[in-house]
Amino acid sequence: MSLTPDWAKLRADFPILNQQVHGKSLVYFDNAATSQKPRSVIDALVHYYEHDNANVHRGIHELSNRATNAFEAARTRTAKFLNARSGDEIIWTRGTTEAINLVAATWGSKHLKAGDVILLTEVEHHSNLVPWQLIAQKTGAKIAYIPVTGDEGTLDLSKLDSLLTSQVKLLSLVHISNSMGTVNPVAELCAKARKLGIVTLVDGAQSAGHLPVDVQAIGCDFFAFSGHKICGPTGVGALYGRYEVLETMPPYQGGGEMILSVGYQKTEFKHAPHRFEAGTPDISGPIGLHVAMDYLDAIGRDNIWKHDQELANYAYEKLSALKNIRLFGPKQNRAGLVSFLLKDVHAHDVVEFANTAGVALRGGHHCTQPLMHKLGVESTARASFYFYNTKAEVDVFVEVIKGIQKFFT
Amino acid sequence: MFDDINDLYQQVILDHCKKPRNFHEMPQCSCSAQGFNPLCGDNLKLFLTLDGETIKDASFVGSGCCISKASASLLTENVIGKSKTEASQMFERVRDLVTTGNTTGDVGKLAVFAGVYKYPARVKCAILAWHALIGALKGEVAPVSTENEQT
Ligand SMILES: Cc1ncc(COP(=O)(O)O)c(C=O)c1O
């Protein structure tokens, strides 16, 4: 484990956190939606546009070389961040959503047929549901779900063996649930699936920047994440794909960058990853993300995870002491967020009140509508943390919740 | 702690969200419509009993945030006894009120929604029941959504 970081010093790297909202110090607890960016990432974007901006892979002039080198260095850095074998296993996307859509559209159209089963879980984000529903409609494949136990948000694995039929071609599941804070046993599940020849995808949107991730240790074929949730810019994310699997997949979109040679009738495509990257990509995005990954790993994702869990446990304990509150998510091994509902106060009212007290929460279905439906709720309020958050902020938040309860009784 | 919020959560609104009026199903209604707000998950059903052109009775069921519930509750009180045309006029007035803070003509108790325009994300909550009203009067079958509401 790396040395214990100076959290207060790190917090000062985030200019946005130092502001008043409605006359109160901002408490930013919506990190599961998007994280804030440190000065170094913002500076990297400015530096790129002030000094190195050019299109990639196209020119031989100096600026194009610089841009291309920085763009590809970010790819290699991402491979290291996930412990992939090489940068060739990293495809740039707009984020987790596009990464999953890419797999569904390309791997899915090639390998799925009528009668096949796509196995998901009941806690998935819409971005790991809808792309599969679309490809299922096209191919005639069916979707099955590993059930969730209830308010704890953990998976009920007692039925797993009966769900892993020979029709299952793909298992796709979330690493950390964005609405419950559950950490799924992805390595265990991927190992089981692999033995049966099932291809696996892990949605790492909530995990990549919060705990050490090793795609080889997890044993997944695909891993998707978003840059903006891990201190990087919006508009960039990545898909890790095991090279052997990527090479079986047809292109995603057609255009420049992804071709070897083009004729009027027939085109030869590049190998992975470039085959999946048509057109001019987001260039500044990967460059900013590179700095973000360096920043996180200098802190140590093991340290970040410890800090996340400490804050979440602290918040959970304090909220548990209140009356008329329903808490979601696991009691053990909780990721850095707490989802809850107050009796007789709608989540949106909670969020509106918190906002006037300077506290940024999220209220809604968190893009997990089927899960909300299953739990018999429309929405929850959620506080989600990152390493720049403090226990003092949790104290402010809990006082606000008490104030809301008082207001509505 | 919540200094700025009283213009949105007025006493009348709080009262109606805690104790909604006309909050029940109406099995013998003349028409009804469902309203759905994808943002909050507000989901309500509005029932009307008509006598010719006149709204004789109105009620609603469903769940939602304080603003949407209070709005539905106050709507039912407001439209009972009005003609269909008057109710549609009231919809226009309420829409102006919650999007701009101003309106022409008298809106009675509904004036408590004058602060909503300062909270653009909540306009949909305040207008949902009114869309359901128009849907019911038009006899629309598909649920009404606030998805396309201009805020
Ligand atoms: C678990 C999970 N999966 C997928 C996504 C989608 O990420 P993005 O919107 O960055 O593509 C999110 C973010 O909201 C998420 O929390």
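1. The model is predicted. In chain B, H1(B) and H2(B) are roughly perpendicular to each other, since their axes cross at roughly 90 degrees, and an angle of 65 to 115 degrees is classed in this way. The axes come within 8 Å, with H1(B) covering residues 11-18 and H2(B) residues 66-79.

2. On the H1(B) side, this contact is formed by Val12(B), Ile13(B), Leu14(B), His16(B) and Cys17(B). H2(B) contributes Cys66(B), Ile67(B), Lys69(B), Ala70(B), Ser73(B), Leu74(B) and Glu77(B). Sorted by class, the contact of H1(B) with H2(B) comprises eight nonpolar, two polar and two charged residues.

3. In chain A, helix H3(A) runs over residues 62-82. Its 21 residues should span 30 Å at 1.5 Å a residue, and the end C-alpha atoms are 31 Å apart, which agrees. Just after H3(A), Asn83(A) adopts a positive phi of about 55 degrees.

4. The buried residues of H3(A) include Phe71(A), Phe81(A) and Leu82(A), but also Glu72(A), Arg75(A) and Arg77(A).

5. Is Arg77(A) buried or exposed? Arg77(A) counts as buried because its relative accessibility is 8%, and the cut-off for burial is under 20%.

6. Which residues does Arg77(A) touch, not counting those up to four places away in sequence? They are His290(A), Met293(A), Asp294(A) and Asp297(A). With Asp294(A), the side chain of Arg77(A) makes a side-chain polar contact at 2.5 Å. A polar atom of the Arg77(A) side chain also lies 3.3 Å from the backbone oxygen of Met293(A).

How values were computed. Residues are numbered from 1 along each chain as its sequence is written. Chains are lettered from A and ligands numbered from 1 in the order in which they are written. This is a predicted model: local features need pLDDT of at least 70, side-chain atom pairs count only at pLDDT 80 or more; totals for chains, interfaces and linings use all residues. Side-chain values use heavy atoms; hydrogens and water are left out. Axes are lines fitted to C-alpha atoms, for helices over the stretch in contact, and angles run from 0 to 180 degrees between N-to-C directions. Helices (H or I, at least four residues) and strands (E, at least two) are DSSP runs, numbered from the N terminus. Angles under 35 degrees count as roughly parallel, over 145 as roughly antiparallel, 65 to 115 as roughly perpendicular and the rest as oblique. Contact means heavy atoms within 4.5 Å. Ala, Val, Leu, Ile, Met, Phe, Trp, Tyr, Cys and Pro count as nonpolar, Asp, Glu, Lys and Arg as charged, and the others, Gly among them, as polar. Buried means under 20% relative accessible area, exposed over 50%, partly exposed in between (1.4 Å probe, protein chains only). A polar contact is a pair of N or O atoms within 3.5 Å; within protein, one must be able to donate a hydrogen and the other to accept it, and residues adjacent in sequence count only if both atoms are side-chain atoms. The expected span of a helix is 1.5 Å times one less than its number of residues.
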